[in-house]
Amino acid sequence: MNVARMLRQGSLESGMHVATRPSEGRTLERLRIESGGTLPLDLVLRIADVLLFHMDQGHKRGSAFRCLHASTLSLLDDGSLLVGPSAQSHGRAPEPEITSNEQTDVFVVGALLFYLLTGEDPVVTLDGFLPSLAGRLPVVPFPVARAIQRALHPRRAVRWLDVAELRDALFGDEGERRTLPIGFQRPEWARELMDRAHARRAG
């Protein structure tokens with residue numbers, strides 16, 4: 001019986017739950033295959049919003065997420081994510097494992113998002129440079145491509161400081177610009193979620 005983490009959109013509660021119904025929902029890997037090899041941008045952003053919010057809450061409690069894989073992440077009908085145990089990720093951060101920290105988790109999430117959007121694992125080394133996501137997928141808005149690109153930087157000093165910064169980069173003010181094409185603007189559901197997040201911080 002697997003122990004899994006249940007993440008619910010819009011909820012401040014996330015705990016450890018026993019996955020007694022492994023067939024409930026569909027894994028992100030299955031969804032990706034059914035979608036022709038990649039997931040739509042809007043769905044990837046919805047997944048990122050739920051995942052990053054609860055990862056941030058987990059970090060504040062001292063938890064760490066060192067491995068995330070599409071085959072052990074399930075999207076349930078109510079928008080929740082079921083995060084099953086995994087020993088692998090879609091990309092390994094170049095820094096030594098003994099020095100892993102929150103920025104290592106930033107890399108792991110960036111690798112997952114890159115995989116869901118492209119169908120390929122990113123290859124990053126200390127002396128290498130990741131190909132531009134915007135260049136490979138023109139449909140991805142520049143702020144989103146840049147956010148993922150920076151999350152995958154081989155040098156931690158360049159990466160986002162934590163998953164909260166990555167979330168702000170994906171859903172922050174740049175995505176609000178009305179000069180962007182309609183499809184590139186931050187969607188209404190994301191605007192409402194971020195407004196609630198800012199209200200919580202202010203309170």
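Colleague: How close do the axes of α2 and α6 come, and at what angle do they cross?
Modeller: The axes of helix α2 (residues 41-60) and helix α6 (residues 163-171) come within 9 Å, with a crossing of roughly 155°. Axes here are lines fitted to C-alpha atoms, for helices over the stretch in contact, and the angles run from 0 to 180 degrees between N-to-C directions. Helices (H or I, at least four residues) and strands (E, at least two) are DSSP runs, numbered from the N terminus.

Colleague: Which way does α2 run relative to α6, roughly parallel or roughly antiparallel?
Modeller: That angle makes α2 roughly antiparallel to α6. By the cut-offs, under 35 degrees is roughly parallel, over 145 roughly antiparallel, 65 to 115 roughly perpendicular, and the rest oblique.

Colleague: Is the crossing of α2 and α6 left-handed or right-handed?
Modeller: Left-handed. A crossing is called that if the near helix is turned anticlockwise from the far one by less than a right angle, and right-handed if clockwise.

Colleague: Which residues meet there?
Modeller: From α2 you have L45, A48, D49, L52, F53, M55, D56 and H59, and they meet V163, A164, L166, R167, L170 and F171 of α6. Contact means heavy atoms within 4.5 Å. Sorted by class, the α2 contact with α6 has ten nonpolar, one polar and three charged residues. For those classes, Ala, Val, Leu, Ile, Met, Phe, Trp, Tyr, Cys and Pro count as nonpolar, Asp, Glu, Lys and Arg as charged, and the others, Gly among them, as polar.

Colleague: Before we go on, what kind of model is this?
Modeller: It is a predicted model, where local features need pLDDT of at least 70 and side-chain atom pairs count only at pLDDT 80 or more, while totals for chains, interfaces and linings use all residues. Residues are numbered from 1 along each chain as its sequence is written, and side-chain values use heavy atoms, with hydrogens and water left out.

Colleague: Good. And how do α2 and α3 cross?
Modeller: The axes of α2 and helix α3 (residues 102-118) come within 11 Å and cross at roughly 165°. The two are therefore roughly antiparallel to each other, and the crossing is right-handed. On the α2 side the contact is made by L41, V44, A48, L51, L52, M55 and H59, and on the α3 side by E102, D105, V109, L112, L113, L116 and L117. Those residues divide into eleven nonpolar, one polar and two charged.

Colleague: Where is H54, and is it buried or exposed?
Modeller: H54 is in helix α2, and at 2% relative accessibility it counts as buried. Buried means under 20% relative accessible area, exposed over 50%, and partly exposed in between (1.4 Å probe, protein chains only). The C-alpha atoms of H54 and A164 are 9.8 Å apart, although the two residues are 110 apart in sequence.

Colleague: What about F114?
Modeller: F114 sits in helix α3 and is buried, at 1% relative accessibility. From F114 to T38 is 9.8 Å, C-alpha to C-alpha, across 76 residues of sequence.

Colleague: Which helix holds A145?
Modeller: A145 lies in helix α5 (residues 142-151) and is buried at 4% relative accessibility. α5 is mostly covered, with seven of its ten residues buried: P143, V144, A145, A147, I148, Q149 and A151.

Colleague: And where is P154?
Modeller: In the loop between α5 and α6. P154 counts as buried, at 9% relative accessibility. P154 and A93 are 61 residues apart along the chain, and their C-alpha atoms are separated by 6.9 Å.

Colleague: Switching to R32, what does its side chain make a polar contact with?
Modeller: With the side chain of E29, at 2.7 Å. A polar contact is a pair of N or O atoms within 3.5 Å; within protein, one must be able to donate a hydrogen and the other to accept it, and residues adjacent in sequence count only if both atoms are side-chain atoms. R32 is in helix α1 (residues 28-34) and counts as buried at 11% relative accessibility. Leaving aside neighbours within four places in sequence, R32 is in contact with G37, T38, L39, Y115 and G119.

Colleague: Last one: how many helices and strands does the chain have?
Modeller: Seven helices and five strands, running β-β-β-α-α-β-β-α-α-α-α-α from the N terminus. Buried residues make up 48% of the 203 in the chain.
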